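Please keep the structure open beside you as you read.

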Amino acid sequence: MSTLNKREQRLNLITTHLKQNNVLSVRELSDISGVSTMTIRRDLEELHKRDVVKFIHGGAFYNGIRDDLADDPPGYLLSEQKMLNRSEKMRIARKAVDLLEPRETCMIDTGTTLFYLAREIPDDLPVTAICWSLNIISELIKKPQCTLISLGGVYHHETQMFESMQGMDLIKNTRASKAFISAGGVHPQLGVTCPFHYETETKRVAINSSMSKVLLVDSSKFGKVCTSHLAEVSDFDMLITDSGISDDYRRSVEDAGVELVVV
């Protein structure tokens, strides 16, 4: 078999795995393909030229999501966010999944940590999930015991979120035992914030319709302030984050009366 054919097979393999996972690191692709990271970088350069993938620091994502929208905040794209603090987000997601009880109903918000949460839900766990994010819906339809309630509406490329008044009305008329919510920033004085104004109303409705409100944020979000205010820290019952959180921010969460879980 020629070297060219071997390479084309490898390029097809890389593309297939990126389609399935949205984003992977160079090291992960190296392990999958059985070649060096240097070879993977050359392969990714070739796929980038073909407009199949987009390079980001340390990895690549499948170029099926537009990143040229004029109204995107600088530096924000859901696929790129998956590469940031990935191991921390996965630990947070696994801890959140441990909170799920059989046959309960939960709300699952947008965001990369929530994507990992959806992926980690056991296949044999009977649960009803209400969600409004395409990448999360794509994970939950793989779960044979998951009863999925998905919301439609206007699709926002940068977050993969669906937004509509009808969707919010559905949430308002539904009750859940838990709401898993994400955010772009957590500040002791300025509260919990998000990058996009259109996100916040759906998130607020989900919070108001749920018995227990759980905020999932990695430690890099503390001290950050985004443009759209979502809630106060005290509006949540639990906050799950990673061990990178500072002592000052630990105290601020606890002083707000919120159960802090550090993984």
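Cys194 is buried, with a relative accessible area of 0%; buried here means under 20% relative accessible area, with a 1.4 Å probe and protein chains only. Cys131 is likewise buried, at 0%. This is a predicted model, in which local features need pLDDT of at least 70 and side-chain atom pairs count only at pLDDT 80 or more, while totals for chains, interfaces and linings use all residues. Residues are numbered from 1 along each chain as its sequence is written, and side-chain values use heavy atoms, leaving out hydrogens and water.

How many disulfides are there? The count is zero, taking a disulfide as a pair of cysteine sulfur atoms within 2.5 Å.

| Cysteine | Nearest cysteine sulfur | Sulfur distance |
|---|---|---|
| Cys131 | Cys146 | 7.5 Å |
| Cys194 | Cys226 | 6.9 Å |

Now to the nonpolar cores, which are sets of buried Ala, Val, Leu, Ile, Met, Phe, Trp, Tyr and Cys residues joined through side-chain atoms within 4.5 Å. The largest has 31 residues, and Met107, Trp132, Ile181, Leu215, Leu230, Phe236 and Leu239 have the most contacts inside it. At least two residues each come from helix H8 (165–172), strand S9 (176–181), strand S11 (191–194), helix H9 (197–208) and strand S13 (228–231). Helices (H or I, at least four residues) and strands (E, at least two) are DSSP runs numbered from the N terminus. H9 gives the most to this core, with four residues. Apart from this core lies another, of 29 residues, including Val127, Ala129, Ile136 and Leu216.

Leu230 is worth a look of its own. Beyond its neighbours within four places in sequence, Leu230 is in contact (heavy atoms within 4.5 Å) with residues including Ile181, Val192, Cys194, Ile207 and Phe236.

Next, the rings. Phe115 and Tyr116 form an edge-to-face aromatic pair, 5.5 Å centre to centre with 65° between the planes. Rings pair if their centres lie within 6.5 Å, and planes over 60 degrees apart count as edge-to-face. Phe115 is buried at 2% relative accessibility, and Tyr116 at 1%.

Finally, helix H5. Its buried residues are Arg86, Lys89, Met90, Ile92, Ala93, Ala96 and Val97. Seen down the axis of H5, these fall within an arc of 160°, so they line one face of the helix; the arc is that of the directions from the helix axis to the C-beta atoms.

Methods. Buried < 20%, exposed > 50% of the residue type's maximum accessible area, 1.4 Å probe, protein only. Phe/Tyr/Trp six-rings, centres within 6.5 Å; stacked < 30°, edge-to-face > 60°.
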